[in-house]
Amino acid sequence: DVYDYIVDLGVALGKKKVPVSNRYVVIGWDALGLLQKDKRFTHNPDVLANGIVNGQKINGMTIVVSANAPAGTIIALHKGAVGFGTQINELEGMRLQDSFADGVRGLTVAGAAVLNADGVATLTYTIAEG
């Protein structure tokens with residue numbers, strides 16, 4: 001029923017007047033496995049290096065699979081609802097060991113935040129044993 005739940009999430013975004021373009025669904029690998037058992041979804045999806053399931057959309061939303069997705073949670077969102085950022089936290093100069101040259105190394109910090117809560121819909125689920 002994961003397929004139906006994703007359709008329901010798309011309907012929830014529609015009721016909040018979220019634009020139809022640039023919608024995504026983030027799922028874990030367990031949810032992808034359940035989708036593969038549904039006849040409406042491909043049995044052998046092509047997962048690209050960035051996590052996008054190539055050529056697969058449900059209710060107009062691009063499917064993205066991530067090992068970092070919260071367990072038992074499906075997240076539907078609009079591209080503009082979430083912001084990402086990086087910054088250089090520390091920076092230092094250094095002498096390179098194997099050459100007559102200097103180098104620079106730094107620590108970069110990345111993060112994300114919800115910018116518009118209306119552009120995000122979530123659903124939690126449990127997988128029955130047996």
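Modeller: Here is a tour of the sheet, then of the helices lying on it, and finally of a few residues in the loops. Bear in mind that this is a predicted model.

Let's start with the overall layout. The sheet is open and has five strands, arranged in the order S2-S3-S1-S4-S7, with mixed pairing. At the edges you'll find S2 and S7 (120-124), each with a single partner strand, so one side of each has no neighbour in the sheet. From one strand to the next, the twist averages 25°.

S2 covers residues 52-58 and pairs with S3 in the antiparallel sense, through three bridges. To find your way along that pairing, look for Ile52 opposite Val64 in S3, and for Ile58 opposite Met61 in S3. These two strands make a hairpin with two residues between them, and Asn59 there has a positive phi near 55°. We'll come back to Asn59 below.

Next comes S3, residues 61-65, which is mostly covered: five of its five residues are buried. In general, side chains in a regular strand alternate between the two faces of the sheet. For S3, Met61, Ile63 and Val65 are on one side and Thr62 and Val64 on the other, and both faces are covered. The next neighbour is S1 (residues 23-27), which runs parallel to S3 and is joined to S3 by four bridges.

On from S1 you reach S4, and here the pairing is antiparallel, over four bridges. Tyr24 faces you as the landmark, opposite Leu77 in S4. What about S4 itself: is it buried or exposed? Six of the six residues of S4 are buried, so the strand is largely enclosed by the rest of the structure. Both of its faces are covered, with Thr73, Ile75 and Leu77 buried on one side and Ile74, Ala76 and His78 buried on the other. S4 then pairs with S7, again in the antiparallel sense, over five bridges. Ile74 stands opposite Leu123 in S7, and with S7 we are at an edge of the sheet.

So much for the strands; now the helices. H1 lies across S1, S2, S3, S4 (73-78) and S7, and it runs at about 150° to S7. H2 packs on the sheet as well, touching S1, S2 and S3, and its direction makes about 105° with that of S1.

How do the two helices meet each other? H1 (residues 2-15) and H2 (residues 29-36) pack at an angle of about 110°, and their axes are 8 Å apart. That angle makes H1 roughly perpendicular to H2. On the H1 side the contact is made by Val2, Tyr3 and Ile6, and on the H2 side by Ala31, Leu34 and Leu35. Sorted by class, that contact has six nonpolar residues, no polar ones and no charged ones.

As a rule, an α-helix has 3.6 residues a turn, so residues three or four places apart point the same way.

Last, the loops. Asp38 sits in the loop between H2 and S2. Which side of the cut-off does Asp38 fall on, buried or exposed? At 14% relative accessibility, Asp38 counts as buried, because buried means under 20%. Apart from neighbours within four places in sequence, Asp38 is in contact with Tyr3 and His43. Tyr3 is one of the H1 residues in the contact with H2.

Two asparagines are also worth a click. Most residues other than glycine have a negative phi. Asn22, in the loop between H1 and S1, has a positive phi near 60°, and is partly exposed with a relative accessible area of 38%. Asn59, in the loop between S2 and S3, has a positive phi of about 55° although it is not a glycine. Asn59 is partly exposed, with a relative accessible area of 37%.

Terms used
Residues are numbered from 1 along each chain as its sequence is written. This is a predicted model: local features need pLDDT of at least 70, side-chain atom pairs count only at pLDDT 80 or more; totals for chains, interfaces and linings use all residues. Side-chain values use heavy atoms; hydrogens and water are left out. Axes are lines fitted to C-alpha atoms, for helices over the stretch in contact, and angles run from 0 to 180 degrees between N-to-C directions. Angles under 35 degrees count as roughly parallel, over 145 as roughly antiparallel, 65 to 115 as roughly perpendicular and the rest as oblique. Contact means heavy atoms within 4.5 Å. Ala, Val, Leu, Ile, Met, Phe, Trp, Tyr, Cys and Pro count as nonpolar, Asp, Glu, Lys and Arg as charged, and the others, Gly among them, as polar. Buried means under 20% relative accessible area, exposed over 50%, partly exposed in between (1.4 Å probe, protein chains only). Two strands pair if DSSP finds at least two bridges between them.
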